[in-house]
2 protein chains.
Amino acid sequence: MFDHDNDVVISSRIRLARNLSDIPFPSVMTEDEAEKVKESVKKAIFDSKTILSTQFLEYDMKKITPLERQSLVERHLISPDLAQNTKNGSALIKNDGTVSILINEEDHLRIQTIFNGLNLKEAWDLADKIDDLIEENISYAFDEKLGYLTACPTNVGTGIRASVMVHLPALTITGQIGNVLNSVSKIGIAVRGMYGEGTQSLGDIYQISNQVTLGQSEIDIIENLEGIVKQIISNERKSREDLYKKRKVQIEDRIGRSYGLLTNAKVMSTQEFMKLISDVRLGAVLNIVNLDIQKIDEITTHIQPGNLQKIIGKQLEPYERDIKRAEYVSKLIKG
Amino acid sequence: MFDHDNDVVISSRIRLARNLSDIPFPSVMTEDEAEKVKESVKKAIFDSKTILSTQFLEYDMKKITPLERQSLVERHLISPDLAQNTKNGSALIKNDGTVSILINEEDHLRIQTIFNGLNLKEAWDLADKIDDLIEENISYAFDEKLGYLTACPTNVGTGIRASVMVHLPALTITGQIGNVLNSVSKIGIAVRGMYGEGTQSLGDIYQISNQVTLGQSEIDIIENLEGIVKQIISNERKSREDLYKKRKVQIEDRIGRSYGLLTNAKVMSTQEFMKLISDVRLGAVLNIVNLDIQKIDEITTHIQPGNLQKIIGKQLEPYERDIKRAEYVSKLIKG
């Protein structure tokens, strides 16, 4: 019915933490060493004999503008931490946005793949392929017993983090969200906000990811997470059905009002947008609002402060941004 | 630019209090006497040799339903007091709604005329004409020195009340409304809510009327009120202009949001409607919203609880009413 469960799952991500065997971890390495890491990774990608060599672009944190860095974070292509590392940080990003190779973040390399909907295996396959390609030219820090060595012990082993971004409006409206998130966190699953660790949930969006990286194969980790996510999907769907059955008019009213504000307001903060679009996304799933879910998710990315300014083509004060955001949102949602 | 200043003035009303000379005031009369008043007035209208005799319908308070009574109040055709007098109260109402003759309210007769916009003189001319017509068959209680005698001393003399219903959103937004209303009340002008004495202001709508009925001619009273109303109109217009000049985006945002809620909500109380439509009416005047002011005022009358149920054709619980109101409002405003 829904493309890769995209009624609930916005995106799936795999991230592999890797380090070079002959260079100290980023926190203690010299600038020269950092430069060496960059060059090795670039060589591994750009000099490879595959089609991939033509599909990546380099985004060096010290060369691109703060706005470009912010926009990359908002598109989930780099982490907030990498964006701040304007000394040594860099990213190689595939032109379709499915792969980012973060260089000199917490680890020398973080290979990230991202797909729409629930698509962990596809994301894993691609990450694995990129990983192999890089390993052809680079010697990873690897211990026969422990597995991949990483800057932070929580990543040692497979170095994998699988994460799924889910939209849980009905569980939030009915107040069940606390219980659900609480019980998954008890079984080794982390719940985070929209931009990862330390960020808040906005618009009823959560990131669900594995915490254990050691003692399980990558496939086991992914399948375990997928099983839990499917449970959450089923809870959220049941909750939506119940809501619509028992409080039809209130839900239609709530969604209608949010739609009305999104299409008619002339000033709108990101915060307010996220709150309202959460209702409208639920409305699209419930066929109350005639809008494509994928389009809603694209708009949600586009109207974040950095992306919005990139689209407009200049830096704007927060209030000007709120005006442009309202204009842009209204136009896109009305179609 | 605006039809009879209808950017600010919703309607103008004249009411003449009259009593029959040979029958005690309503508060102390018998049922037989009340019946006699009814018959005399009906005879004066229906047996008259003018075209008017065919243009009136009788609404006897004890014969019509509570819903019909409520609807007449909401259309400002009868007073809340008359609606409650199901023993002796009656009204003769002209088919175009411009004239209502209230029988056995506080006085034996209250001749009321109502016109859209600022139209006090036209309203007075018509009331005067109806008054003359009735007087051909009825002997009024009249004192050479005092003038017309009325149940309440405040109406003695001309028995006239001229009132104008004004929409003052900008004075309300800017917080100047208190001062304006305060200063007019100091010069013998009464300010009341939408349904007259003892009712609250809803949707920034106020009734402005004369308090003095003695010692001035009808024309003096009307011209005095008109002068004051023109002052208020000019204050409100200046305030709108200032608002739009100094807070353009905020005002457009406020109006846009109210429009968005009116056209997309699925449940709406009268209270909320009045609050939102006040913004939209201001938006229509400022050309921010493409809607006819007259149509807005009609919708405002139609969605009041009694009228709405009359239109739907049955009695509804408040919550069902709020659902039907939302549906009706959205349809009418979208056109």
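These are my notebook entries on a predicted model, written for someone meeting the structure for the first time.

**Entry: ground rules**

I number residues from 1 along each chain as its sequence is written, and chains are lettered from A and ligands numbered from 1 in the order in which they are written. Because this is a predicted model, local features need pLDDT of at least 70 and side-chain atom pairs count only at pLDDT 80 or more, while totals for chains, interfaces and linings use all residues; side-chain values use heavy atoms, with hydrogens and water left out.

**Entry: chain A as a whole**

I began with the secondary structure and found twelve helices and ten strands in chain A. Helices (H or I, at least four residues) and strands (E, at least two) are DSSP runs, numbered from the N terminus.

Next I looked up the overall size. The C-alpha atoms of chain A fill a box of roughly 65 × 45 × 35 Å along the principal axes.

I then checked burial: 57% of the 335 residues of chain A count as buried. Buried means under 20% relative accessible area, exposed means over 50%, and partly exposed lies in between (1.4 Å probe, protein chains only).

For the surface, I noted that chain A exposes about 14,800 Å², with carbon and sulfur atoms supplying 49% of it. These areas come from the Shrake-Rupley method with a 1.4 Å probe, and for residues only the protein chains shown count as cover.

I also looked at contacts (heavy atoms within 4.5 Å). Of those in chain A between residues at least 6 apart in sequence, 69% join residues at least 24 apart.

**Entry: the core**

Which residues touch the most other members of the largest nonpolar core? I found A:Leu262, A:Phe273, B:Leu262 and B:Phe273, in a core of 65 residues. A nonpolar core here is a set of buried Ala, Val, Leu, Ile, Met, Phe, Trp, Tyr and Cys residues joined through side-chain atoms within 4.5 Å. In soluble globular proteins, nonpolar side chains tend to be buried together.

**Entry: two residues with positive phi**

I looked up A:Asn287, which has a positive phi of about 60° although it is not a glycine. A:Asn287 is in the loop between helix H9 (270–285) and helix H10 (293–302) of chain A, and is exposed because its relative accessibility is 68%.

B:Asp204 is not a glycine either, and its phi is positive at about 60°. I found B:Asp204 in the loop between strand S9 (189–192) and strand S10 (205–210) of chain B. Is B:Asp204 buried or exposed? B:Asp204 is buried, since its relative accessible area is 16%.

**Entry: a helix residue and a loop residue in chain A**

A:Lys36 belongs to helix H1 (residues 31–46) of chain A. I read a relative accessible area of 46%, so A:Lys36 is partly exposed. Beyond four places in sequence, A:Lys36 is in contact with A:Asp22 and A:Ile23.

A:Ser139 lies in the loop between helix H4 (120–135) and strand S6 (142–143) of chain A. At 45% relative accessibility, A:Ser139 is partly exposed. Which residues does A:Ser139 contact, leaving aside neighbours within four places in sequence? I listed A:Asn19, A:Leu20 and A:Ser21.

**Entry: two loop residues in chain B**

I found B:Asn119 in the loop between strand S5 (109–116) and helix H4 (120–135) of chain B. B:Asn119 is buried, with a relative accessible area of 10%, and touches B:His4 and B:Ser12, not counting residues up to four places away in sequence. Between B:Asn119 and B:Thr98 I noted 21 residues in sequence and 12 Å in space, C-alpha to C-alpha.

B:Gln315 sits in the loop between helix H11 (305–312) and helix H12 (318–334) of chain B. B:Gln315 is exposed, with a relative accessible area of 63%. Past the neighbours within four places in sequence, I found B:Gln315 in contact with B:Leu67 and B:Gln309.
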